[in-house]
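This report describes a protein chain for a reader who is new to structural analysis. Please consult the sequence and the structure shown here while reading.

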Amino acid sequence: MAVEDLVKWANEFSDLLRGFPINDFAFLVYPVVLIVVGGVVLYHTHTDYWDKPKRYTVPSPKKPEEFKILDNPTVKVSGTTAIQCYMPATAQFLGFVNPSTPAGIDRAIDQAAAAQEKWAKTTFSERRKVLRSMLQHVLENQEQICQVSSMDSGKTMVDAQLGEIMVTAEKLQWTIKHGEKALRPSRRPTNLLMAYKKNTVVYEPLGVVAALVSWNYPFHNLIGPIISAIFAGNGIVVKVSEQTCWSAAYYTSIARGALVAHGHDPQLIQSVVCWPQTASHLTSHPGISHLTFIGSRPVCHHVAASAAKTLIPVVAELGGKDAAVILDSAGPDLKRIADILMRGTFQASGQNCIGIERIIAAPGVYDKLVAMLLPRVKALRLGLDKDVGAMVSDASFARFEGLIDDAVARGARLLAGGRRHVHPDHPKGFYFTPTLLADVTPDMAVAKEECFGPIMTLMRSPTPSAASLLSLANAPDFGLGASVYGRDSDPVLKEVVRGVRAGGVAVNDFAVFYAVQLPFGGVGGSGYGRFAGEEGLRGLCNLKSLCEDRLAWLGIRTAIPPPVQYPVADQQTSWRFTRGVVGIGYAIAVREKLEALVDILRNM
């Protein structure tokens, strides 16, 4: 009877829905959609009235009065210890920067430490105000920030917008909205024996932390560690690369300007540049509480060994050999995927730690993908006002050509590029032709070594199975990022995502895990530890565990029972008593807990 009633009710409800005059309410569709979309936008952009940003100005970086193109652009020149700065895209001279000495590093750390003592006492609200003003300044001055990055590192304005501004704005906004939640004291559970205790983990500033950052994104790589460090209550010293140190003073002033705008000491933030032989003074300095290193594996060995002298903890991000794995089920989506592969490979002329270094395609889509990518790669134009910018230097050009020649000798097909490029307007600039290598195999050096350049390599999987794809994807000793493309319902997709060895995986997209402030870092040869997200913020803190009396107001506190007070009267009696205590707390069965209670009572 109940089933019949249910069926009858369902039929009547269906008739009611069919008779509902939906057309009479069609005019409400657009307002409802607008309200929903507006609500989402408001949620992500809402600012409290009292947290409105303060505007401030920062002097532009100085350019030399004389226009000069260097015949042999290099950072180190004879006759001076100063670092020569130039535009990699044109070889235009930008000036000299004096490197820091050990005494200068000492002063920077001391100044940051003095400022940090007061900064550590600021509230999260005060720190948010600083970051909000910094975000406003970045957004209002993004064109100049991009221009300076382009001049110092050789990237195009579009590449600078994506790799300098967007990710920095995201980090600032995420920290403003979610940073306090990550660092708020965290309550933790207790147990039966300690039921009268309450447990908390608090996240306290470490003091002065340091970051040694790479040259590929001079603005973001400098500002990113600053954002996390100061929000966690620390001071920071950032060592920038000598390859892009011309922009460092300007970019540091942007961060300091936000502090000054809100009445805080700008010495909290320090940046230094030095020659490699001086860097160990920073990496082993007893005044540094934590190191973030972004760079190559060989240099990291020296940094880690230096930091070990004073037991400074290190987070190391060492680049990768990121694979883009294309499944057969991705066939209908190849055009969109090809667009992503182009951007993922040639963004910043391939000088991208999570850039796509290998494209691994299942046999059903491999040939189509090669045919689709070839004309696109050949059509790429070199130049700051074109598609692909310059390399930061020509230091890797011989290595690139060697890797390509070795691959061709072993059977790979060089379909485009493969050689350094002499730009007709800027012959002293550092350009390498966008390259497409097909039929690359795992035994080739180009499939195992990080290129860090505009080289697209395609590898054919012998079968469309997850095992075959993963055997290629996991072959190199790197594990920073990966991307996997296929139909969402494809079981191979889930298996590859689960099996690929990487610190981050983007599904049907490229590197988006970095754009949403998930913890970032790698495994294996790509380093250890994480920055960004909650884990990154907490990693810059002393995690202090607090255990306090829950009912102290009732006088309930720990007291040492007579059987275990010193001097111990009888070891056997005391042992049976403590056995009972353990049984009460951890025995599994109720009967065992009752036996434990008897143990306690008999041996009091």
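Strand 1 (residues 83-86) and strand 2 run antiparallel and are joined by four bridges. Strands, like helices, are DSSP runs numbered from the N terminus; a helix is a run of H or I with at least four residues, and a strand is a run of E with at least two. Two strands count as paired if DSSP finds at least two bridges between them. Within this pair, Gln84 stands opposite Phe96 in strand 2. The two strands form a hairpin with six residues between them, and Ala91 in the turn has a positive phi of about 70°. Strand 2 (residues 93-97) is mostly covered, since four of its five residues are buried. Buried means under 20% relative accessible area, exposed means over 50%, and partly exposed lies in between, with a 1.4 Å probe and the protein chains only.

The model is a predicted one, in which local features need pLDDT of at least 70 and side-chain atom pairs count only at pLDDT 80 or more, whereas totals for chains, interfaces and linings use all residues. Residues are numbered from 1 along each chain as its sequence is written, and side-chain values use heavy atoms, with hydrogens and water left out.

Six strands form an open sheet in the order 7-6-5-8-9-19, with mixed pairing. Its edge strands are strand 7 (269-272) and strand 19 (527-528), each of which pairs on one side only. Strand 6 (residues 235-239) runs parallel to strand 7, and four bridges join them. Here Val237 stands opposite Gln270 in strand 7. In general, strands of a sheet pair through backbone hydrogen bonds, either parallel or antiparallel.

**The chain as a whole**

The protein chain has 18 helices and 20 strands. Its C-alpha atoms fill a box of roughly 95 × 80 × 60 Å along the principal axes. Of its 604 residues, 50% count as buried. The chain exposes about 29,000 Å², of which carbon and sulfur atoms supply 59%; accessible areas come from the Shrake-Rupley method with a 1.4 Å probe, and for residues only the protein chains shown count as cover. Among contacts (heavy atoms within 4.5 Å) between residues at least 6 apart in sequence, 72% join residues at least 24 apart.

**Pockets and cavities**

On a 1 Å grid over the protein atoms alone, a cavity is a set of points where a 1.4 Å probe fits but cannot get out, while a pocket is an open set with protein on both sides within 12 Å along at least five of seven lines; lining residues have an atom within 4 Å of a point. Grid points are joined across faces, edges and corners, and a volume is the space filled by probe spheres set on the points.

The largest pocket has 41 lining residues, and those closest to its centre are Trp215, Phe293, Gly295, Ser296 and Val299. Helix 9 (276-283), strand 8 (291-294) and helix 10 (297-308) each give two or more residues to this lining. Helix 10 gives the most, with seven residues.

The second largest pocket is also lined by 41 residues, with Gly163, Val167, His220, Ile354 and Tyr514 nearest its centre. Among the elements that give two or more residues to its lining are helix 6 (157-183), strand 5 (208-212) and helix 7 (218-231).

By the same rule, the count comes to seven cavities of 30 Å³ or more. The largest cavity is lined by 14 residues, including Lys321, Arg358 and Arg501, which are among those nearest its centre. The second largest cavity is lined by Ala115, Lys118, Trp119, Thr122, His264, Asp265 and Leu268.

The table gives volumes and lining classes. Ala, Val, Leu, Ile, Met, Phe, Trp, Tyr, Cys and Pro count as nonpolar, Asp, Glu, Lys and Arg as charged, and the others, Gly among them, as polar.

| Space | Volume | Lining residues by class |
|---|---|---|
| Largest pocket | about 1,100 Å³ | 19 nonpolar, 14 polar, eight charged |
| Second largest pocket | about 680 Å³ | 22 nonpolar, 14 polar, five charged |
| Largest cavity | about 70 Å³ | eight nonpolar, two polar, four charged |
| Second largest cavity | about 60 Å³ | three nonpolar, two polar, two charged |

**A tryptophan in helix 17**

Trp575 lies in helix 17 (residues 571-586). Trp575 counts as partly exposed because its relative accessibility is 48%. Trp575 and Val564 are 11 residues apart in sequence, and their C-alpha atoms are 8.6 Å apart in space.
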